[in-house]
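Subject: Structure handover

Hello,

Here is the structure we talked about. Please have a look at it first, then read my notes below.

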Amino acid sequence: MKNHRLPAILQALLAAVLFGASAPLAKLLLDGIDPIPLAGLLYLGSGIGSWLFFAIQQAGKQSRRREASISRKDFPWLLGALAAGGVAAPILLLLGLDQSPASTASLLLNFESVATTILAVLLFKEAVDKRILWAIGFLTGASILLSWSGGQWGFSLGALGVIGACFLWGLDNNLTRHISAKNPLVIVGIKGLGAGGFSLLLALLLGKGLPGLVTAALAMLVGAVCYGLSIQLFILALRSLGAARTGALFGVAPFIGTVLSLLIFRNQQEK
């Protein structure tokens, strides 16, 4: 691989590690929070964290380089990404996670890479070489085999929720690709506050209870790191690698989540 792509590859892999940790950590938080308000708090945390870093970046006199600002023509891409990946996907994921073991859900998250590549090729006409397609195929096959516990083949409602979230995030990734040259802190900040605020409002309208201050703070911290920082690194990788290649590298996230799930829940009887 060319040397100038190495930083982007590392960014994509680190993004995968952080996002992979989100499933088992969210599973822990679901014991005290309904899925919809939890989705809101996770994204609200990512948005607040991003805006804080943006304020620090703007205040610094010696910033490495000035990032491009969001323009009016970028908003259709940004709003589409916000709706698909910031609002609908996390709610579907957490509803699915509430009905599935964290380890199984983590493996099923691998379908995000598949969805990203399929949509990049079919809808956005991105050029992808055969190595990427083979990598996606092997990752998908490995996830199916590892998540199958024997018996008849089929998908539960929980699994379908996770897979649906993956396709929405795949759409989000491709839409975000079109604005990846802009400041990632601003992109994540807008998506986080918009998606988080919408989900919390929806939770209130549906009569869902909000958690205590400590639990809410923990959820927002998980969101700031596992969602906010992960998305920022993903956007930076998109600039050099494109949606399909970045998505393929991001395919390691489910395996990170599975390892953490096995460590965290090894002494617990999961749902």
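One definition to start: a residue is buried under 20% relative accessible area, exposed over 50%, and partly exposed in between, using a 1.4 Å probe and protein chains only. The model is predicted, so local features need pLDDT of at least 70 and side-chain atom pairs count only at pLDDT 80 or more, while totals for chains, interfaces and linings use all residues. Residues are numbered from 1 along each chain as its sequence is written, and side-chain values use heavy atoms, with hydrogens and water left out.

**Overall build**

The chain has 11 helices and 0 strands. Helices (H or I, at least four residues) and strands (E, at least two) are DSSP runs, numbered from the N terminus. Of the 271 residues, 50% count as buried. Helix H2 is mostly covered, with 6 of its 8 residues buried. Those buried residues are Ser22, Ala23, Pro24, Ala26, Lys27 and Leu29.

**Salt bridges**

How many salt bridges does a search of the whole structure find? It finds 3. The term means a side-chain nitrogen of Lys or Arg within 4 Å of a carboxyl oxygen of Asp or Glu. As background, side chains of opposite charge can pair when their charged atoms come close.

- Aspartate 34 and lysine 208 meet at 3.9 Å, N to O. They link distant parts of the chain, 174 residues apart. Aspartate 34 sits in the loop between H2 (22–29) and H3 (35–59). Lysine 208 sits in the loop between H9 (184–205) and H10 (213–249). Aspartate 34 is partly exposed at 25% relative accessible area, and lysine 208 is partly exposed at 31%.
- Aspartate 74 pairs with lysine 182, with the closest N and O atoms 2.4 Å apart. This bridge also links distant parts, 108 residues apart. Aspartate 74 is in the loop between H3 and H4 (75–98). Lysine 182 is in the loop between H8 (157–177) and H9. Aspartate 74 is buried at 5% relative accessibility, and lysine 182 is buried at 14%.
- Aspartate 172 and lysine 191 form a salt bridge at 2.9 Å, N to O. Aspartate 172 lies in H8 and lysine 191 in H9, so the pair ties together parts 19 residues apart in sequence. Both residues are buried.

**Arginine 239**

Lysine 182 comes up again here. Its backbone oxygen lies 3.0 Å from a polar atom of the arginine 239 side chain. The backbone oxygen of serine 180 lies 2.5 Å from a polar atom of that side chain. Arginine 239 is in helix H10 and is partly exposed, with a relative accessible area of 25%. Arginine 239 and histidine 178 are 61 residues apart in sequence. In space they are 9.3 Å apart, C-alpha to C-alpha.

**Cavities**

There are 3 cavities of 30 Å³ or more. On a 1 Å grid over the protein atoms alone, a cavity is a set of points where a 1.4 Å probe fits but cannot get out; lining residues have an atom within 4 Å of a point. Points are joined across faces, edges and corners, and a volume is the space filled by probe spheres set on them.

The largest cavity holds about 160 Å³. Its lining has 15 residues, and Glu112, Trp169, Asp172, Asn173 and Ile231 lie nearest its centre. H10 gives the largest share of that lining, 6 residues. H8 and H10 each supply at least two.

**Aromatic rings**

The structure holds 6 aromatic pairs. Rings of Phe, Tyr and Trp (its six-membered ring) pair if their centres lie within 6.5 Å; planes under 30 degrees apart count as stacked, over 60 as edge-to-face and the rest as tilted. Phenylalanine 234 and phenylalanine 250 form an edge-to-face pair, 5.1 Å centre to centre with 85° between the planes. Phenylalanine 234 is in H10 and phenylalanine 250 in the loop between H10 and H11 (253–264), so the pair ties together parts 16 residues apart in sequence. Both are buried. Ring pairs link Phe19, Tyr43, Trp169, Tyr227, Phe234 and Phe250 into a cluster.

Best wishes

Methods. On a 1 Å grid over the protein atoms alone, a cavity is a set of points where a 1.4 Å probe fits but cannot get out, and a pocket is an open set with protein on both sides within 12 Å along at least five of seven lines; lining residues have an atom within 4 Å of a point. A polar contact is a pair of N or O atoms within 3.5 Å; within protein, one must be able to donate a hydrogen and the other to accept it, and residues adjacent in sequence count only if both atoms are side-chain atoms.
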